[in-house]
Amino acid sequence: MNWDDESAYAPSPAADRLVDTVADGEDQAVEAALRPKDLGEFVGQERVREQLDLVLKAARARGATADHVLLSGAPGLGKTTLSMIIAAEMGAPIRITSGPAIQHAGDLAAILSSLTEGEVLFLDEIHRMSRPAEEMLYMAMEDFRVDVIVGKGPGATAIPLELPPFTLVGATTRAGLLPPPLRDRFGFTGHMEFYAPAELQRVVHRSARLLDVAIEAEGAAEIAGRSRGTPRIANRLLRRVRDYAQVKADGVITREIAAQALQVYEVDARGLDRLDRAVLTALLKLFGGGPVGLSTLAVAVGEERETVEEVAEPFLVREGLLARTPRGRVATPAAWAHLGLVPPGQGAPGAGQGGLFAE
Ligand SMILES: Nc1ncnc2c1ncn2[C@@H]1O[C@H](COP(=O)(O)OP(=O)(O)OP(=O)(O)O)[C@@H](O)[C@H]1O
Ligand SMILES: [Mg+2]
């Protein structure tokens with residue numbers, strides 16, 4: 001099959017919102033074109049890469065099928081990319097599906113029974129699989145066997161079906177949601193971390209080369225610094241900056257061009273986008289920095305509760321701009337500073353400490 005065909009599974013919505021003016025089709029095609037094809041091309045994630053390299057090399061040396069691999073980490077960090085690399089490094093074909101696509105155990109049985117020896121089965125969003133399918137998967141992973149149930153009620157019989165050895169690569173953004181029996185059946189778990197700015201800068205340079213875009217080191221650094229530690233976002237911002245550079249300048253991405261372009265797309269110096277800033281602004285201006293309940297905050301910015309919680313907040317928390325407390329969401333001093341506002345009670349600059357002692 002075509003390894004870059006991603007139509008078989010749904011990408012996580014959270015990761016696909018940034019600069020949402022772009023059609024998804026173009027996005028996916030470009031994303032596929034930019035995927036590193038082997039471990040050597042894969043930037044960063046030193047630890048996971050080294051560990052995985054050992055797992056794969058050892059399996060190859062034994063002439064065996066690689067152990068099952070679980071990849072966990074936030075959207076856009078390279079889980080799908082790594083799964084394709086695993087197959088490539090093993091010289092094996094890959095089958096791509098996802099937890100939500102497997103609602104019945106029968107769906108899974110159909111996939112498993114058609115695998116060939118050594119094939120890699122990539123199960124994206126594995127935490128969203130149905131319980132019966134999950135139980136079938138336990139047996140398949142451990143014993144390379146499934147019981148196919150034929151018939152219904154008292155007359156139903158289980159027909160055991162042998163499977164060829166295969167490598168399951170599971171990906172999840174929520175490792176905590178995986179039941180321990182499933183987690184324990186993976187021979188190797190790779191936890192993907194957010195990328196350092198220097199690593200993202202390498203990602204940007206690599207992508208610019210593939211897209212045939214001229215970029216200066218400082219331009220790449222500017223994009224990397226606003227990419228939230230995430231290669232997918234770095235690639236997306238690069239494409240928007242490229243557009244700007246083509247239309248407004250001579251096509252070369254300098255630091256100034258990158259900064260100007262990202263201002264147009266409302267991505268600020270720290271990588272906050274429109275939604276992040278709306279949430280922070282509401283928290284500071286309407287609720288004095290909190291604490292305020294999530295639902296109230298969501299209504300204030302006109303978004304769904306889930307959008308605020310799952311899309312905006314993780315980044316804001318990670319950046320130390322917002323804290324989740326039992327009493328509600330609270331802005332940190334860094335949030336006031338980032339938006340150039342003064343926390344209540346501290347007075348305007350130059351007003352002195354008088355407020356504390358007045359009355
Ligand atoms: N280490 C890396 N080096 C270079 N590019 C990378 C790296 N990791 C990811 N990318 C780029 O980022 C994009 C997104 O990666 P990928 O689709 O693998 O993320 P994901 O973890 O599967 O995300 P999701 O959880 O949303 O499915 C890819 O197009 C790829 O080009
Ligand atoms: Mg993915």
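Phe144 is partly exposed, because its relative accessible area is 23% and that class lies between buried, under 20%, and exposed, over 50% (1.4 Å probe, protein chains only). The structure is a predicted model, in which local features need pLDDT of at least 70, side-chain atom pairs count only at pLDDT 80 or more, and totals for chains, interfaces and linings use all residues. Residues are numbered from 1 along each chain as its sequence is written, and side-chain values use heavy atoms, with hydrogens and water left out.

**Two annotated residues**

An unreviewed UniProt entry places the feature "binding site" at several positions, including Phe144 and Tyr195; such annotations may be inferred rather than shown by experiment.

Not counting residues up to four places away in sequence, Phe144 touches, among others, His68, Met139 and Phe166, where contact means heavy atoms within 4.5 Å. Leaving aside neighbours within four places in sequence, Tyr195 is in contact with residues including Phe42, Leu77 and Leu200.

Helix α7 (residues 197–211) packs against helix α8 (residues 217–225) at an angle of about 120°, with their axes 8 Å apart; the axes are lines fitted to C-alpha atoms over the stretch in contact, and angles run from 0 to 180 degrees between N-to-C directions. The contact is made by residues including Leu200 of α7 and Ile223 of α8.

Definitions and conventions: Chains are lettered from A and ligands numbered from 1 in the order in which they are written. Helices (H or I, at least four residues) and strands (E, at least two) are DSSP runs, numbered from the N terminus.
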